[in-house]
Amino acid sequence: MPPTTAPAQRGEATRAEAFARWVEPEVEVLLRVAHTLTGSWSDADDVVQDTLVRAWGAVDRFDGRHPRAWLLTILRRTHLNSLRRSRPDLVGDDVLARHRPAFGAAHASSPEQVVVERAFDADVAAAVASLGEQFRRAVLLVDVDHLTYDEAAAVLDVPTGTVVSRVSRGRSRLRAALAHRRPRGGTR
């Protein structure tokens with residue numbers, strides 16, 4: 001007769017299965033969104049790590065519906081809490097260069113990222129930087145991080161219609177700022 005599993009062990013196994021099913025597939029999205037919010041990969045790693053710890057603690061109470069929205073809400077609140085704490089950076093550059101994100105994920109650039117980064121030249125970067133913060137965040141979340149309008153609304157804690165409007169206005173401003181780059185007279 002096989003030994004019975006203690007209730008605590010079954011609970012941890014269930015928690016681990018739920019975490020693997022609903023949370024782990026979203027880690028890359030969380031990292032991209034956190035980078036958009038923080039502007040720094042090291043800060044994004046910290047926010048995502050805190051988000052994952054909170055998700056681990058709550059995954060057994062999660063109903064399984066809309067895991068990305070659930071995680072983005074945790075991420076947003078975690079980011080806001082980290083801004084409130086705003087502790088000084090006491091770590092040297094050598095430590096940050098060796099820093100690895102939670103759960104051993106590496107930030108090796110994929111071939112797609114290399115191409116995108118090369119295409120994202122100085123003019124485009126300047127045009128994006130010239131956008132107001134509310135427009136820049138909305139455009140980056142939707143167009144770069146590939147979130148839906150609803151998901152971006154959850155991250156920004158605004159109505160979906162506001163995100164749609166901000167993305168539209170931000171794209172218009174980007175087109176105007178980059179108009180000088182368009183080929184003239186039908187030649188390429």
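Predicted model: local features only at pLDDT ≥ 70, side-chain atom pairs only at ≥ 80, totals over all residues.

Residues are numbered from 1 along each chain as its sequence is written, and side-chain values use heavy atoms, with hydrogens and water left out.

**Nonpolar cores**
- A nonpolar core is a set of buried Ala, Val, Leu, Ile, Met, Phe, Trp, Tyr and Cys residues joined through side-chain atoms within 4.5 Å; buried means under 20% relative accessible area and exposed over 50%, with partly exposed in between (1.4 Å probe, protein chains only).
- The largest core has 35 residues, of which Val-23, Val-33, Trp-70, Leu-75 and Val-163 touch the most other members.
- Helices (DSSP runs of H or I, at least four residues, numbered from the N terminus) that each supply at least two residues of this core include α1 (7-23), α4 (67-85) and α10 (160-177).
- The largest share, seven residues, comes from α2.
- Leaving aside residues up to four places away in sequence, Trp-70 touches (heavy atoms within 4.5 Å) Val-23, Ala-55, Ala-58, Val-59 and Phe-62.

**Helix α3**
- Buried residues in α3 include Ala-44, Val-48, Leu-52 and Ala-55.

**Positive phi**
- His-66, in the loop between α3 and α4, has a positive phi of about 55° although it is not a glycine.
- His-66 is exposed, with a relative accessible area of 61%.
- His-146, in the loop between α8 and α9, has a positive phi near 60°.
- His-146 is exposed, at 56% relative accessible area.
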